[in-house]
Amino acid sequence: MTARPATPTSVDPTEAVRLAEIARRIRVEVIRAVNHARAGHIGGPLSAADLLAVLYFHVLRIRPEEPAWPDRDRFILSKGHSSIALYAAMALRGYFPVEELLTFDAAHSRLQGHPDMTRLPGLDMSTGSLGMGLSAGMGIALGARLTGRACRTYVMLGDGECQEGEVWEAAMAASRYGLDNLVAIVDHNRLQQYGWPGDGPDGRIPPQVPGELVAKWSAFGWRVLEVDGHDVAGVVRVLEEAGQGDGRPVVVIAYTVKGKGVSFMEGHYFWHTRAIKPEEFASAMAELGEPRPAESGAPR
Amino acid sequence: MTLPMGRPMREIFGETVAELASADPRIVMLDGDLGSSTKADIFEKAHPDKYLQMGIAEQNMLGVAAGLATMGLIPFISTFVSFAVVRPLDQVRLLIAQTGLNVKITAGYAGLFTGQTGMSHIIVDDMSIMRAMPGMVTVSPADDVEAREVLRWAAAYEGPCYVRLVRDATQRLFGDGYRFEFGKAVQVRPGTDVTIFSTGSQTPRVVDAAELLAADGIDVHLIHVPTIKPLDIEAIVAGAERTGRVITVEEHTVIGGLGGAVAETLSEHRPTRVDRIGLRDLYPESGPNDALLDIYGLSSTRVAEQVVRLLRGA
């Protein structure tokens with residue numbers, strides 16, 4: 001096993017600015033691709049953008065030019081319906097041209113509506129039917145231990161997804177094996193596709209009550225870390241802390257906002273998946289600061 | 001003359017996978033808390049570090065198997081057919097069949113012999129389900145000799161496969177020199193009056209039925225079909241041409257399994273009358289093995305009776 005570098009206690013401010021800019025670009029590419037495809041999920045990809053920026057540009061040991069590198073860290077997007085955000089992160093990281101993002105959801109595209117590992121190199125598992133990614137991630141983490149590889153496996157789940165029973169089967173089994181090379185990240189945006197009726201925004205209540213996820217993962221024997229999922233410096237710190245194994249698998253509960261970055265999309269379940277109208281597209285792009293003044297040729 | 005009894009396929013399972021793992025360090029065993037029934041415990045004794053208890057959580061187990069396969073390991077699955085096929089069906093489909101990952105779904109307790117458990121545990125539509133799934137191959141060995149051969153083949157085969165194994169001792173069809181050939185049917189008995197296709201541990205009982213039928217003046221051409229998918233189309237067509245009359249026999253539903261596959265194939269390639277003997281559209285009850293074979297028309301005597309009725313219209 002190769003040693004990993006010790007955890008820095010603070011995050012370089014310029015690095016935080018860089019990661020925040022990458023997250024912004026992920027959001028721009030998400031809106032552009034979904035608008036182009038006239039279909040696709042929006043709310044979940046936007047809530048996950050900062051987490052993906054930190055993973056793909058700071059945390060994961062990967063080689064975009066050698067996607068099957070055996071010692072790479074693995075990432076599984078268990079909430080596969082947020083695929084376009086993952087594709088955007090991968091394209092920006094250099095796995096494939098950014099222009100290819102406009103083939104999202106098109107016939108013959110490698111960028112399927114839900115991730116298909118047989119089509120796109122760099123995907124570590126096919127996902128889409130919710131609840132499955134953590135099991136596969138546990139298999140990878142267990143396989144890494146059995147084969148003596150120092151790689152780490154990260155699995156991103158949705159909070160709505162945590163209603164699936166298989167998540168808790170995997171949580172039970174992974175802690176029995178003490179897989180501290182396995183990190184689950186819950187994108188806790190507190191909305192699901194439609195939601196349970198109740199006294200909340202738009203007549204819906206969140207998928208869990210406050211504190212429920214922390215209590216559950218703790219009860220299943222996991223080390224639980226919490227973070228503001230839109231604070232890139234905080235996410236860097238918490239993922240580096242997650243890397244310091246103590247014999248337990250780690251879950252990071254990332255508090256996020258569904259639709260983050262576009263004000264009229266934030267916090268509304270109906271932006272889970274929806275076609276974007278032309279005026280909404282223009283407004284979203286403007287809010288995301290796109291095109292940037294320098295790129296558009298306008299004076300800064 | 002009745003075929004002799006062989007050893008239970010479940011013992012062959014534990015022993016053979018243990019032997020394979022001694023030669024191939026990539027092999028691991030995932031157990032859904034049934035190792036004392038499926039005889040994965042034999043494997044555990046030989047390779048405690050490669051035996052991975054997954055608990056009573058089959059959906060997770062199949063997902064873990066997919067993850068292990070991406071790391072170059074070769075997972076074998078130890079559980080009952082119902083808990084390997086229908087309970088984690090979505091996991092099998094998305095994570096194993098769609099990905100093509102190298103997972104061996106080697107489930108025990110196929111067919112009626114489930115140790116008097118009843119309809120929750122007896123599953124007779126597993127072959128229909130698995131052969132309909134793109135990317136999944138389905139193999140149903142006849143006896144202990146063929147089960148060993150099939151497990152050896154499975155370890156060497158690159159990709160997902162479904163192998164159905166029987167809990168109890170069944171009759172031995174093959175000699176020690178038998179070699180399983182993936183995707184190939186096996187002629188067991190040449191005959192002229194009717195061609196019977198059979199699979200799994202039903203085939204030895206059809207051999208006995210053919211003896212009874214010979215005494216009754218019916219000369220059976222018997223072909224054993226261990227690989228349900230991909231089906232040996234050439235052998236099915238040639239078998240039908242030989243007598244012009246086809247009957248299928250299986251310890252499984254007649255809907256979509258061997259009978260369905262043979263009927264589909266012949267209607268496309270060489271339209272021939274096909275009758276299907278097997279479980280009708282029902283859930284079987286629990287009971288001793290011999291009683292169940294008799295109730296559902298799969299004992300050698302009952303098969304012979306049905307063949308006579310079908311051929312002579314009695």
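# Questions on a predicted two-chain model

Student: In this predicted model, how many Å should the 15 residues of helix α1 (residues 9-23) of chain B span at 1.5 Å a residue?
Tutor: The expected span of a helix is 1.5 Å times one less than its number of residues. Helix α1 of chain B has its end C-alpha atoms 21 Å apart, which agrees with the span that its 15 residues should have, 21 Å.

Student: Which elements are included in what covers the buried residues of α1(B)?
Tutor: The buried residues of α1(B) include Met9(B), Ile12(B), Phe13(B), Val17(B) and Leu20(B). Arg10(B) and Thr16(B) are also among them. Their cover, in chain B, includes β1 (27-31), α2 (35-38), α3 (40-46), β3 (74-78), β4 (104-107) and α8.

Student: Where do the buried residues of α13(B) fall when seen down its axis?
Tutor: Helix α13 of chain B, residues 300-312, reaches 18 Å from its first C-alpha to its last, close to the 18 Å expected. Its buried residues are Ser300(B), Val303(B), Ala304(B) and Val307(B). Seen down the axis of α13(B), these fall within an arc of 100 degrees, so they line one face of the helix. An α-helix has 3.6 residues a turn, so residues three or four places apart point the same way.

Student: Which residues on the other side of α13(B) are exposed?
Tutor: The buried residues of α13(B) pack against β8 (194-198), α9 (202-215), β11 (246-253) and β12 (274-279) of chain B. After the helix comes Gly313(B), with a positive phi near 65 degrees. On the other side of α13(B), the exposed residues are Arg309(B) and Arg312(B).

Student: Is Ile196(B) buried or exposed?
Tutor: Ile196(B) is found in strand β8 of chain B. Beyond four places in sequence, this residue touches Val206(B), Val220(B), Leu222(B), Ile247(B) and Val249(B). A residue is buried if 20 or more other C-beta atoms lie within 10 Å of its own. Because Ile196(B) has 29 C-beta neighbours inside 10 Å, it counts as buried.

Student: Which helix supplies the largest share of the side of domain 1 of chain B that touches domain 2 of chain B?
Tutor: The domain assignment of chain B gives domain 1 (9-164) and domain 2 (186-308), and 25 residues of domain 1 of chain B are in contact with 31 residues of domain 2 of chain B. On the domain 1 side, α7 (126-132), β5 (137-139) and α8 (144-156) of chain B each supply at least two residues. The residues of this side divide into 13 nonpolar, seven polar and five charged. The largest share, four residues, comes from α7(B).

Student: Which helix supplies the largest share of the side of chain A that touches chain B?
Tutor: In the contact between the chains, 23 residues of chain A meet 23 residues of chain B. On the chain A side, α4 (133-147) and α5 (165-176) of chain A each supply at least two residues. The residues of that side divide into eleven nonpolar, nine polar and three charged. The largest share, eleven residues, comes from α4(A).

Student: What is omega for the cis peptide bond that joins Glu290(A) and Pro291(A)?
Tutor: Most residues other than glycine have a negative phi, and most peptide bonds are trans. Pro291(A) is placed in the loop between α8 (278-287) and α9 (293-296) of chain A. In chain B, the peptide bond from Lys229(B) to Pro230(B) is cis, with omega near 0 degrees. For the cis bond between Glu290(A) and Pro291(A), omega is about 0 degrees.

Student: Is Asp202(A) buried or exposed?
Tutor: Asp202(A) is in the loop between β4 (196-197) and β5 (204-205) of chain A. Although it is not a glycine, Asp202(A) has a positive phi of about 60 degrees. Because Asp202(A) has 11 other C-beta atoms within 10 Å, it is exposed.

Student: Over which residues of chain A does pLDDT stay under 50?
Tutor: The mean pLDDT of chain A is 94, and 94% of its residues reach 70 or more. For one stretch of chain A with pLDDT under 50, the model has four contacts beyond four places in sequence; this stretch is residues 296-300.

Terms used: Residues are numbered from 1 along each chain as its sequence is written. Chains are lettered from A and ligands numbered from 1 in the order in which they are written. This is a predicted model: local features need pLDDT of at least 70, side-chain atom pairs count only at pLDDT 80 or more; totals for chains, interfaces and linings use all residues. A residue is buried if 20 or more other C-beta atoms lie within 10 Å of its own, exposed if 12 or fewer, and partly exposed in between; C-beta atoms are placed from the backbone. The arc is that of the directions from the helix axis to the C-beta atoms. Two residues are in contact if their C-beta atoms, placed from the backbone, lie within 7 Å. Domain bounds come from an automatic or database domain assignment. Ala, Val, Leu, Ile, Met, Phe, Trp, Tyr, Cys and Pro count as nonpolar, Asp, Glu, Lys and Arg as charged, and the others, Gly among them, as polar. pLDDT is the predictor's confidence in each residue, from 0 to 100.
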